[in-house]
2 protein chains.
Amino acid sequence: MDPATHVPSLDDIRAAAARIAPLAQVTPVLRSSSLDRIAGCELHFKCENLQRVGAFKFRGASNAVFSLDAASAARGVVTQSSGNHGAAIALACRLRGIPATVVVPRSAPKIKLAAIADFGARIVPCEVAQADRDRVTAQVLGETGGSLVHPYNDARVIAGQATATLELLHAVPGLDVVMAPVSGGGLMSGTALAAHYLDPRIEAIGAEPEGARDAFDGLAQGERVTGRTADTICDGLRAELGPLTFAILRQRLRGILLASDAETVAAMRLIFERLKLVVEPSAAVPLAAVLRHPRRFAGRRVGIVLSGGNVDLDALPW
Amino acid sequence: MDPATHVPSLDDIRAAAARIAPLAQVTPVLRSSSLDRIAGCELHFKCENLQRVGAFKFRGASNAVFSLDAASAARGVVTQSSGNHGAAIALACRLRGIPATVVVPRSAPKIKLAAIADFGARIVPCEVAQADRDRVTAQVLGETGGSLVHPYNDARVIAGQATATLELLHAVPGLDVVMAPVSGGGLMSGTALAAHYLDPRIEAIGAEPEGARDAFDGLAQGERVTGRTADTICDGLRAELGPLTFAILRQRLRGILLASDAETVAAMRLIFERLKLVVEPSAAVPLAAVLRHPRRFAGRRVGIVLSGGNVDLDALPW
């Protein structure tokens with residue numbers, strides 16, 4: 001199985017759930033009657049901001065790290081990440097007792113860098129451009145003989161992210177829609193696959209910032225969009241789809257909805273106020289998209305994966 | 001049974017749990033391994049900030065409102081409250097379909113006033129001094145023939161607040177300590193009684209701001225302290241113990257620990273950062289007290305009731 005091309009099966013997702021059960025949190029699903037009134041539909045929030053490292057990323061990272069055979073694991077894991085995935089790999093490697101190296105662009109938020117370092121990973125800085133990230137990553141892989149765990153274009157990672165939706169659908173049967181933010185597409189791929197396998201009537205809908213709409217445009221034109229520079233406050237949503245996640249989303253997604261940064265900030269504030277949850281801007285994009293399209297969701301039962309809560313509390317965007 | 005003097009029994013608390021089960025949330029208990037490392041003990045947070053109206057107050061209010069016989073209920077409920085209890089009474093009355101009147105001091109935070117009005121209660125303003133609150137409340141009771149539900153000196157309210165600890169001890173067996181903030185003492189009385197009935201080895205410890213230490217001083221001198229003016233950012237903790245809550249705490253509390261406002265703000269920020277939860281300052285006082293007394297809690301299993309999450313997001317105190 002080549003993790004860069006394999007589409008996770010239901011068995012893969014169930015195996016991931018069993019593998020990470022001793023490691024990851026079963027996060028709560030929360031509701032707010034006032035948010036339901038505002039949105040005109042029934043919203044169920046899967047709280048991955050309450051996951052370890054404060055983001056869903058720990059699911060995929062721990063599934064990938066604990067999938068490695070002993071000999072590969074001993075040489076360590078290498079990844080590139082602007083933040084949450086790096087912290088997740090760092091913690092998963094610490095739990096398995098193996099070395100982690102995270103290649104991090106110099107633009108990454110301080111809070112996310114600190115988390116990676118706290119979990120004991122080696123941080124190797126790189127420039128922001130994808131080409132430089134890849135060059136530095138290849139160099140580290142060559143030096144260490146370690147295993148690459150890509151943040152999203154990886155079947156083990158996607159299967160891990162899918163476990164959030166397994167839990168959501170188990171906790172809330174009968175959803176009409178599941179939504180997640182789209183960046184590299186790992187979370188959305190896992191979300192869409194889990195929903196498809198468990199109940200193919202459920203619509204999987206992605207949400208993307210207007211300023212990082214590569215998935216929206218790529219799916220519309222049937223070809224992956226690469227090389228753009230994202231312009232959004234959603235620091236977790238600046239990646240572009242990979243070949244594997246593009247293929248999965250093309251097959252399994254009902255659509256992608258866009259939200260402006262202003263709409264996302266308003267939705268983020270509603271989540272703080274009404275759900276009493278700390279979320280990062282990226283996590284609020286699906287709610288922003290729901291509020292922008294009230295007729296599309298009127299009266300429906302909608303599950304939303306709140307992707308993460310790692311936000312700089314000294315720079316809240318309101 | 002006079003609610004102003006009756007000490008709730010375990011049966012009263014269990015009846016409250018059954019009565020409010022269709023109304024209130026069973027809130028999650030959350031942990032953070034990084035907070036455990038910082039505190040040097042095992043912390044279990046009962047998330048009443050995720051309760052309806054954003055605070056534990058809904059438990060006691062709904063238990064009291066749904067305890068009324070039909071004839072009394074029809075004349076409505078009257079209370080005085082600087083905020084969360086008022087919103088909780090308003091929602092409980094709306095759910096029962098009866099009128100609510102809330103006497104509110106002019107100093108109450110905007111966010112809390114808006115919540116009371118949103119739930120359809122009539123708001124009657126009064127001055128901050130307790131004498132004026134009581135005068136206006138008596139006047140409204142005379143006009144309406146309604147039932148008074150005191151925010152804390154009431155057995156029905158205390159039994160309702162106790163249900164949070166029933167749930168906590170069910171979710172986390174074997175706690176050594178349970179803690180809650182102390183203001184009028186309704187939450188702490190319920191917390192201490194539930195712990196005592198279910199496992200008398202559990203220590204019940206209160207937490208109070210240095211600037212509102214009437215319970216600390218009153219319990220130390222064996223006599224209730226009244227008439228002080230509180231000086232703390234914890235807007236939920238400015239009340240003083242009532243005769244009933246004083247008697248219960250005197251019998252059931254192992255002690256009260258103090259925290260400065262600066263310590264409380266630091267603890268509040270840790271709860272935002274590590275637990276990803278929005279809490280109001282009052283809710284952070286127990287964690288602040290734990291961090292101030294590391295030796296007292298070292299290695300122990302501590303349950304903390306996070307009392308509420310209604311904070312002005314435009315004026316976070318850091």
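Two residues are said to be in contact if their C-beta atoms, placed from the backbone, lie within 7 Å. The model described here is a predicted one, in which local features need pLDDT of at least 70 and side-chain atom pairs count only at pLDDT 80 or more, while totals for chains, interfaces and linings use all residues. Residues are numbered from 1 along each chain as its sequence is written, and chains are lettered from A and ligands numbered from 1 in the order in which they are written.

We begin with the two chains and how they meet. Between them, 13 residues of chain B are in contact with 14 residues of chain A. On the chain B side the largest share, 3 residues, is supplied by helix H12 of chain B, residues 261-275, where helices (H or I, at least four residues) and strands (E, at least two) are DSSP runs numbered from the N terminus. That side of chain B is made up of 7 nonpolar, 3 polar and 3 charged residues; in this division Ala, Val, Leu, Ile, Met, Phe, Trp, Tyr, Cys and Pro count as nonpolar, Asp, Glu, Lys and Arg as charged, and the others, Gly among them, as polar. Of the interface residues of chain B, 100% are also interface residues in chain A, so the copies meet through the same surface.

The symmetry of the pair can be described next. In general, two copies of a chain are related by a rotation about an axis and a shift along it.

Leaving aside neighbours within four places in sequence, B:Ala90 is in contact with B:Ala100, B:Val102, B:Ile116, B:Phe119, B:Gly120 and B:Ala121.

Within chain A, the domain assignment gives domain 1 (10-55 + 158-306) and domain 2 (58-148), the bounds coming from an automatic or database domain assignment. The centres of these two domains of chain A, taken over C-alpha atoms, are separated by 24 Å, and their contact takes 19 residues from domain 1 and 17 residues from domain 2. On the domain 1 side of chain A, helix H1 (10-20) and helix H8 (155-171) each supply at least two residues, and the largest share, 6 residues, comes from H8(A).

Turning to the sheets of chain A, 6 strands form an open sheet of mixed pairing in the order S1-S2-S10-S7-S8-S9, where two strands pair if DSSP finds at least two bridges between them. Strand S1 (29-30) and strand S9 (255-259) of chain A stand at the edges with a single partner strand each, so one side of each is left without a neighbour in the sheet. Strands S7 (residues 177-181) and S10 (residues 301-306) of chain A run parallel and are joined by 3 bridges, and A:Val178 has A:Gly303 in S10(A) as its bridge partner. Another open sheet, of 4 strands with parallel pairing, has the order S5-S4-S3-S6 in chain A, with strand S5 (122-126) and strand S6 (147-148) at its edges. Strand S4 (residues 100-105) of chain A is joined to S5(A) by 5 bridges.

Two loop residues close the tour. A:Lys276, in the loop between helix H12 (261-275) and helix H13 (285-292) of chain A, has a phi near 60°, a positive value in a residue other than glycine, and counts as buried, with 27 C-beta neighbours inside 10 Å. B:Gly184 lies in the loop between strand S7 (177-181) and helix H9 (186-198) of chain B, and is buried, with 26 other C-beta atoms within 10 Å. The C-alpha atoms of B:Gly184 and B:Pro151, 33 residues apart along the chain, are separated by 7.8 Å.

Technical notes
A residue is buried if 20 or more other C-beta atoms lie within 10 Å of its own, exposed if 12 or fewer, and partly exposed in between; C-beta atoms are placed from the backbone.
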